[in-house]
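Take a look at the chain and its ligands below.

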Amino acid sequence: DLAMYEAKGAGRGRVVVFDQSMHERIADKLALEADLRKAIGAGQLSVVFQPIFDLDPYRLSGFEALARWEHPERGPISPSVFIALAEESGRIEALTRWVIDHAVAQLAQWLHEMPSMSHLDMHVNISSHDLTRPGLVEHVQQVLTRHGLPAHHLTLEITETMLMNDLEVSLGYLQGLRDAGIRFSIDDFGTGYSSLAYLSTLPLDSLKIDRSFVMGMEALPQNVEIVRAVMNLGKSLGKTVIAEGIEQPQQLQILRSLGVPRGQGYLLSKPLKAEQVPALLAVPARSAA
Ligand code: C2E
Ligand code: MG
Ligand code: MG
Ligand code: MG
């Protein structure tokens with residue numbers, strides 16, 4: 001019985017009892033992990049696309065692909081839960097490849113249907129496990145070739161924390177992607193511990209300012225100063241800056257006044273299903289933002 005075991009090294013006869021909730025949590029996690037293994041094949045995964053905009057002048061610049069899992073019994077599972085689960089259980093590589101395939105195919109189709117949209121790019125999130133897996137560069141190149149999409153239309157995002165944890169190993173792989181023409185962005189920038197010395201040598205194109213700094217910008221001068229500092233850093237390193245999590249008109253106004261070139265957030269658009277995107281492409285940039 002899992003609920004009770006004799007603790008090794010805890011002294012003879014000592015018994016440790018799992019509380020019931022811990023037992024349930026472990027069983028629950030194992031069940032979800034097993035379900036995730038089947039989810040891709042069962043068609044339960046999908047991708048939504050959050051538009052990213054140039055802020056001034058305002059126009060659509062691309063999309064971030066975000067994975068969704070609709071569990072047959074439990075309903076939608078949060079990406080923060082199932083991405084972590086996929087990483088722990090060795091399923092992240094398959095998931096990432098599936099998202100890249102899907103997102104590249106989708107952008108290729110939109111560009112084909114709307115040649116005037118040739119400036120759009122697609123951002124896909126990857127984890128550090130993906131980055132250090134041999135064959136990622138080749139796989140991405142194959143996908144791009146199959147769909148006839150030039151490499152510069154694809155940006156891979158990796159969180160600052162993940163990148164910095166594995167920096168030595170990641171660097172070579174990063175360079176390989178860069179050499180293939182694929183773009184690269186640091187996600188959730190400001191929440192990790194980037195060494196400024198490393199940042200200047202990393203082969204990357206953009207910094208995405210974490211939502212926590214954009215949040216409350218209108219009320220918190222220190223957040224404005226952080227964003228200003230990231231902008232200055234980006235400028236001196238020659239990297240584009242993208243703000244995430246723009247929810248309030250005042251936040252957008254401040255970001256523009258600081259010269260932040262690009263952004264995304266619920267104010268501008270929520271993540272969209274693929275079928276909702278052509279309507280967005282057909283209409284010139286909304287004036288609301
Ligand atoms: P992220 O890459 O930083 O993506 C941005 C997250 O912020 C998304 O959450 C998006 O829906 C949400 N968001 C966008 N605008 C706003 C806003 O104005 N306000 C608020 N409160 N939230 C906003 P989501 O889709 O739940 O994804 C969470 C995280 O899960 C992502 O953070 C990313 O790290 C990870 N993730 C999602 N899809 C994938 C994937 O396909 N592969 C990998 N490796 N990670 C993924
Ligand atoms: Mg991201
Ligand atoms: Mg982010
Ligand atoms: Mg974030």
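Among contacts in the protein chain between residues at least 6 apart in sequence, 67% join residues at least 24 apart. Contact here means heavy atoms within 4.5 Å. This is a predicted model, in which local features need pLDDT of at least 70 and side-chain atom pairs count only at pLDDT 80 or more, while totals for chains, interfaces and linings use all residues. Residues are numbered from 1 along each chain as its sequence is written, chains are lettered from A and ligands numbered from 1 in the order in which they are written, and side-chain values use heavy atoms, with hydrogens and water left out.

**The chain**

The protein chain has 12 helices and 11 strands. These are DSSP runs numbered from the N terminus: helices are H or I with at least four residues, strands are E with at least two. Along the principal axes, the C-alpha atoms fill a box of roughly 70 × 45 × 40 Å. The chain has 289 residues, and 46% of them count as buried. Buried means under 20% relative accessible area, exposed means over 50%, and partly exposed lies in between (1.4 Å probe, protein chains only). The accessible surface is about 14400 Å², and 54% of it belongs to carbon and sulfur atoms. Such areas come from the Shrake-Rupley method with a 1.4 Å probe; for residues, only the protein chains shown count as cover.

**The magnesium sites**

Donors are N, O and S atoms within 2.8 Å of the metal (3.2 Å for Na, K and Ca); water is not among the atoms, so sites may look incomplete. Which residues are the protein donors of the magnesium ion (ligand 2)? They are Glu64 (OE), Asn125 (OD1), Glu157 (OE) and Asp187 (OD), at 2.0 to 2.2 Å. Along the chain, these donors follow the spacing E-x60-N-x31-E-x29-D. Distant parts of the chain are linked here: Asn125 sits in strand β6 and Asp187 in strand β8, 62 residues apart.

Asp187 also bridges ligand 2 and the magnesium ion (ligand 3), which lie 3.7 Å apart. Asp188 coordinates both ligand 3 and the magnesium ion (ligand 4), and those two ions are 2.9 Å apart. Ligand 4 is coordinated by Asp188 (OD) and Glu244 (OE), at 2.2 to 2.5 Å. Asp188 lies in strand β8 (residues 183-189) and Glu244 in the loop between β10 (240-243) and α11 (249-257), so the pair ties together parts that are 56 residues apart in sequence.

| Residue | Class | Relative accessible area |
|---|---|---|
| Asn125 | partly exposed | 27% |
| Asp187 | buried | 6% |
| Asp188 | partly exposed | 22% |
| Glu244 | buried | 11% |

**Pocket and cavity**

The largest pocket has a volume of about 950 Å³. Of its 37 lining residues, the closest to the centre are Glu64, Leu66, Pro79, Asn125 and Asp187. On a 1 Å grid over the protein atoms alone, a pocket is an open set with protein on both sides within 12 Å along at least five of seven lines; a cavity is a set of points where a 1.4 Å probe fits but cannot get out; lining residues have an atom within 4 Å of a point. Grid points are joined across faces, edges and corners, and a volume is the space filled by probe spheres set on the points.

The largest cavity has a volume of about 40 Å³. Its lining is Leu36, Arg37, Ile40, Ala86, Arg91 and Leu95.
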